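Visitor: I am new to this structure and would like to learn how to read it. Could you walk me through it step by step?

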Amino acid sequence: MTAPRRVGDRFRRFREEVRVPEATFTSYYGRPILKGPVWKWDIAAYLFTGGLAAGSSLLAAGGQLTGRPALRRAGRVTALAAVSASAVFLVKDLGRPARFHHMLRVAKPTSPMSMGTWILTAYGPAAGVAAIAEAAGVLPRHGLLGLAGRALPPVGHAAGLFAAATAPALATYTGVLLADTAVPSWHEAYPELPVIFAGSALASGAGVGLLAAPPAQAGPARRMAVAGAALELYGAHRVETRLGLLSEPYRVGRPGRLLRAGRLLTAGGVAGALLGRRSRVAGAVSGTALLAASVLTRFGIFYGGVASARDPRYTVVPQRERVDARRSGMDLPSDRAVPPAV
C-alpha cells in the first residue's frame, strides 16, 4: 500500500505546480475591451455651456427677485448666449439638426438623452424671451413698439422664473447622461457627477455676476460662488478618492492636471470674491477664475472617463473584484483556487 500512496502524493504535487496562472490585464491585439466614447471636445464644451446657461438663469432670477438689475441683465443675456452655443455644440455632434428634432418624437423617462432634449426644449425659449425682455428699455414709448415695450417686462419676469425653475435639471442631467454609459470611471461616479456639475454651474453663473455687476449688487453672486465651490470641490474630492482604481484616471495625466488646476482656480475665485468684495477689479478677476475653473472641471471629468475606457485594467479589475466579492459573500469557492484531490 506504500507505493500507491507515494504515487498519489506525487500526482497532487504535480497538479499544484501546473495550475493555470492568473490572468493579466490584456486584450486581443492590445485593443480596448470597451468601445471608447466617440464624443470629441465639442461635447465637453457642451457640458460647460449648458451649465453656464443654468447658472446664469439662477443668477438672473436672484437679481430679479432682489431688485438688482445689473445681475438680472447679465444673467439673462449670458443664459441666452450660452444655451445657443450649447445647441450648436450638440447639433455639431449629432451631425444634422434634424436629429435633434427626431428626439422630440418620444419622451422616455429612463433615457437621460431623451429627457435632456426635452429640458433644453423647455428651457431655451424661456431663456430667449427673458433676454429679449431686456430690450424693453430701448423701445419707443408710443405706438405698437411702445405697447410691446410695456408688455415685455412682465413677460420676461415670468419667463426668467420659468428658466430658473428648469435650470437645476439642465445643470445636472448631463452628469446623469455620462454616468448612464458603460465608461468605467463615469459609470461608477454616478452619485458624484450631478453634484460636480451642479456646483460647476453655480460657480460659473457666479463668475458672470462678479464680472458684470458692481460690488454693491454682487452679493447674490458671492453667495452662489461659495455654494457652487463647496459642491464642486466636494464632488471632485469624492471621485478622486472613493472609486478605488477607477479614481486613478481623474488623478493622473491630462485629466488630473485639469482637475487640479480647476480646484486651485475655484478656491482662488471664492477667496477673491469674499476678500475683495468692495473692489470691482477683484470681483472681475475672481469671476474670470471661476469661469475658467468650470471649463477645466468639465474637460477634466470628460477626459478622465475617456482615459478609463481605453485601458483594459479599468474594466477587468473592478469586474474581477465584484465577482470575488459575490463568491465570498455566498461562500463559494474561487475559480482560481486549487481543486480538491480526488
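**Reading the model, feature by feature**

Guide: Let us begin with the overall build: the protein has 12 helices and zero strands. Helices here are DSSP runs of H or I with at least four residues, strands are runs of E with at least two, and both are numbered from the N terminus. This is a predicted model, in which local features need pLDDT of at least 70 and side-chain atom pairs count only at pLDDT 80 or more, while totals for chains, interfaces and linings use all residues. Residues are numbered from 1 along each chain as its sequence is written, and side-chain values use heavy atoms, with hydrogens and water left out.

Visitor: How many of the residues count as buried, as a percentage of the protein?

Guide: Buried means under 20% relative accessible area, exposed means over 50%, and partly exposed lies in between (1.4 Å probe, protein chains only). By that rule, 44% of the 342 residues of the protein count as buried. Tyr123, found in helix 5, is buried because its relative accessible area is 0%. Tyr123 and Ala163 are 40 residues apart in sequence, yet their C-alpha atoms are 5.4 Å apart in space.

Visitor: What span should helix 2 have, and how far apart are its end C-alpha atoms?

Guide: The expected span of a helix is 1.5 Å times one less than its number of residues. Helix 2 has 25 residues and so should span 36 Å; its end C-alpha atoms are 37 Å apart, which agrees. Helix 2 is also mostly covered, with 21 of its 25 residues buried. Just after helix 2 comes Gly67, with a positive phi of about 70°.

Visitor: How many salt bridges does a search of the whole structure find?

Guide: The general idea is that side chains of opposite charge can pair when their charged atoms come close. A salt bridge is counted when a side-chain nitrogen of Lys or Arg lies within 4 Å of a carboxyl oxygen of Asp or Glu. The search of the whole structure finds nine of them. In one, Arg73 and Glu134 meet at 3.6 Å, N to O. That pair links distant parts of the chain, 61 residues apart: Arg73 is in helix 3 (residues 69-94), and Glu134 is in the loop between helix 5 (112-132) and helix 6 (143-179). Glu134 counts as buried because its relative accessibility is 18%, while Arg73, at 41%, counts as partly exposed.

Visitor: Which residue meets Arg242 in a salt bridge?

Guide: Glu192 does, at 2.6 Å from N to O. Here too distant parts of the chain are linked, 50 residues apart: Arg242 sits in the loop between helix 9 (219-241) and helix 10, and Glu192 in the loop between helix 7 (184-187) and helix 8 (193-212). Arg242 is partly exposed at 32%, whereas Glu192 is buried at 3%.

Visitor: Which residues gather in a patch of positive charge on the surface?

Guide: Lys and Arg count as positive and Asp and Glu as negative, with His and the chain ends not counted. A patch takes residues with over 30% relative accessible area and no salt bridge, and like charges are joined within 9 Å. In this structure, Lys40, Arg254, Arg257, Arg260 and Arg310 gather in such a positive patch. Helix 10 (residues 253-275) gives the largest share, three residues. Lys40 is placed in the loop between helix 1 (2-17) and helix 2 (41-65), and Lys40 is exposed because its relative accessible area is 55%.

Methods
Patches are made of residues with over 30% relative accessible area and no salt bridge: like charges are joined within 9 Å, nonpolar side chains (Val, Leu, Ile, Met, Phe, Trp, Tyr) within 5 Å. Accessible areas come from the Shrake-Rupley method with a 1.4 Å probe; for residues, only the protein chains shown count as cover. The place of a charge is taken as NZ of Lys, CZ of Arg, CG of Asp or CD of Glu.
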